[in-house]
Amino acid sequence: MLNHLEFANPEYFYLFLLIPALIFWYWLRRKRAYPYLIFSNTELFEKSGRNLKVRMMFLPFLFRLIILSLLFIVLARPQSSLKKHKQNIEGIDIMMALDISSSMLAEDFSPNRLEAAKEVATRFINGRSNDRIGLVLFSGEAFTQCPLTSDHARLKSLFGKVESGIIDDGTALGDGLATAINRIRNSKAISKVIILLTDGVNNMGSVDPLSAADIAKLYGVRVYTIGVGTIGQAPYPFKTPFGVQYQNVEVSIDEQILSKIARMTGGKYYRATGNMKLSSIFKQIDKLEKSKIDVLTYEKKSEEYAPFLLAALLFFIVEIFLRYRVFSTIP
């Protein structure tokens, strides 16, 4: 919130061009104002000199120039501009719900789905410096890795510690969504958003995904769903007694459920088939949310001519006093 002094009619500043002309006129007038007397000897005046009163005779004219300058400023209509920018810090809360099931280790993304998702999500966080963001992890069950926070350094640090296998395997899609909703439902933000990223089909958990979507809709939470995985088969690393062996596994994503969750909550479903596509999806979500929550600019202008007009009046009173009492002359 800042005060800016602006002028509604700045064209009146051209009147200041009159000041040099007035100074020139004053010089000519002073030069012709007094008659000349011829003396044969100036010795009488050489020791007298000019007193202070004579030296200060120009003060009334100087004050009149100041008065005119202040009146020119008044005519230009000085205004204070009170501006308030309402930014996203009070606008958007975002919970990320990230699938960390073992299938997220498939390497149809580089280096794998999970690491690619972490990298892209981190870049997304870097671009949302004014938002509160949190993180929910899910596979066979769900838990909160980080509640909503504006401490993005801490959030990114926790993102770096995310890995598959820290909880039971599976895809509890409904539980992951419900946990994210529970973390964001009491938010006072203008916009509440969940970004849910998964590569599988709901096969675990106690909450039905569509029931969770109904709850999200009830609390005004918009859900963007992202299905991660190439079309067809993807190379997956299996640990064997002879080391890591790769096999192609079928990519199975419940796009129908993910699309319905997004549609029910006013969000959108995306399918990411590679690193570039995933990065593009997060950029699209970033733009969508910034376009939905516009920065609100509040501006209020107040006329600020009064101090200049008061100063001109005070200078006028002093000028009148000097002209007719201190520096008065006999015609």
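Trainee: In this predicted model, which residues of H9 does H8 meet?
Mentor: On the H8 side, the contact is formed by Pro209, Leu210, Ala213, Asp214, Ala216 and Lys217. Grouped by class, the residues of this contact are seven nonpolar, one polar and three charged. The partners in H9 are Ile257, Lys260, Ile261, Met264 and Thr265.

Trainee: Are H8 and H9 roughly parallel or roughly antiparallel to each other?
Mentor: The axes of helix H8 (residues 209-218) and helix H9 (residues 255-265) come within 9 Å and cross at roughly 15 degrees. The crossing is right-handed. Angles under 35 degrees count as roughly parallel. H8 and H9 are therefore roughly parallel.

Trainee: How many charged residues does the contact of H7 with H8 have?
Mentor: Helix H7 (residues 173-184) packs on H8 with the axes 8 Å apart and an angle of about 15 degrees, which means that H7 is roughly parallel to H8. The crossing of H7 and H8 is left-handed. From H7, the contact draws on Leu173, Gly174, Leu177, Ala178 and Ile181, and from H8 on Pro209, Ala212, Ala213, Ile215 and Ala216. By class, these are nine nonpolar and one polar, and the number of charged residues is none.

Trainee: Is H5 roughly parallel or roughly antiparallel to H6?
Mentor: For helix H5 (residues 113-126) and helix H6 (residues 152-160), the axes come within 11 Å and cross at roughly 180 degrees. Angles over 145 degrees count as roughly antiparallel. The relation of H5 to H6 is therefore roughly antiparallel.

Trainee: How many polar residues are in the contact of H5 with H6?
Mentor: H5 contributes Lys118, Ala121, Thr122, Ile125 and Asn126, while H6 contributes His152, Leu155, Lys156, Phe159 and Gly160. Two residues of this contact are charged and four are nonpolar. The polar residues number four.

Trainee: What is the bridge partner of threonine 198 in E7?
Mentor: Strand E6 (residues 191-198) and strand E7 (residues 221-228) run parallel and are joined by seven bridges. Threonine 198 takes part in this pairing, and its partner in E7 is glycine 227.

Trainee: Which residue of E10 stands opposite isoleucine 226?
Mentor: E7 pairs with E10 in the parallel sense, over four bridges. The residue in E10 opposite isoleucine 226 is tyrosine 270.

Trainee: Is proline 237 buried or exposed?
Mentor: This residue lies in strand E8 (residues 233-240). Leaving aside neighbours within four places in sequence, proline 237 is in contact with Leu105, Ala106, Glu107, Val244, Gln245 and Tyr246. Its relative accessible area is 18%, and buried means under 20%, so proline 237 is buried.

Trainee: How far apart in space are proline 237 and glutamine 247?
Mentor: In sequence, the two residues are separated by ten residues. From C-alpha to C-alpha, the distance is 6.6 Å.

Trainee: Finally, what percentage of the residues in the protein is buried?
Mentor: The secondary structure comes to eleven helices and eleven strands. Among contacts between residues at least 6 apart in sequence, 81% join residues at least 24 apart. Of the 331 residues in the protein, the buried ones make up 39%.

Methods. Residues are numbered from 1 along each chain as its sequence is written. This is a predicted model: local features need pLDDT of at least 70, side-chain atom pairs count only at pLDDT 80 or more; totals for chains, interfaces and linings use all residues. Side-chain values use heavy atoms; hydrogens and water are left out. Two strands pair if DSSP finds at least two bridges between them. Helices (H or I, at least four residues) and strands (E, at least two) are DSSP runs, numbered from the N terminus. Axes are lines fitted to C-alpha atoms, for helices over the stretch in contact, and angles run from 0 to 180 degrees between N-to-C directions. Angles under 35 degrees count as roughly parallel, over 145 as roughly antiparallel, 65 to 115 as roughly perpendicular and the rest as oblique. A crossing is left-handed if the near helix is turned anticlockwise from the far one by less than a right angle, and right-handed if clockwise. Contact means heavy atoms within 4.5 Å. Ala, Val, Leu, Ile, Met, Phe, Trp, Tyr, Cys and Pro count as nonpolar, Asp, Glu, Lys and Arg as charged, and the others, Gly among them, as polar. Buried means under 20% relative accessible area, exposed over 50%, partly exposed in between (1.4 Å probe, protein chains only).
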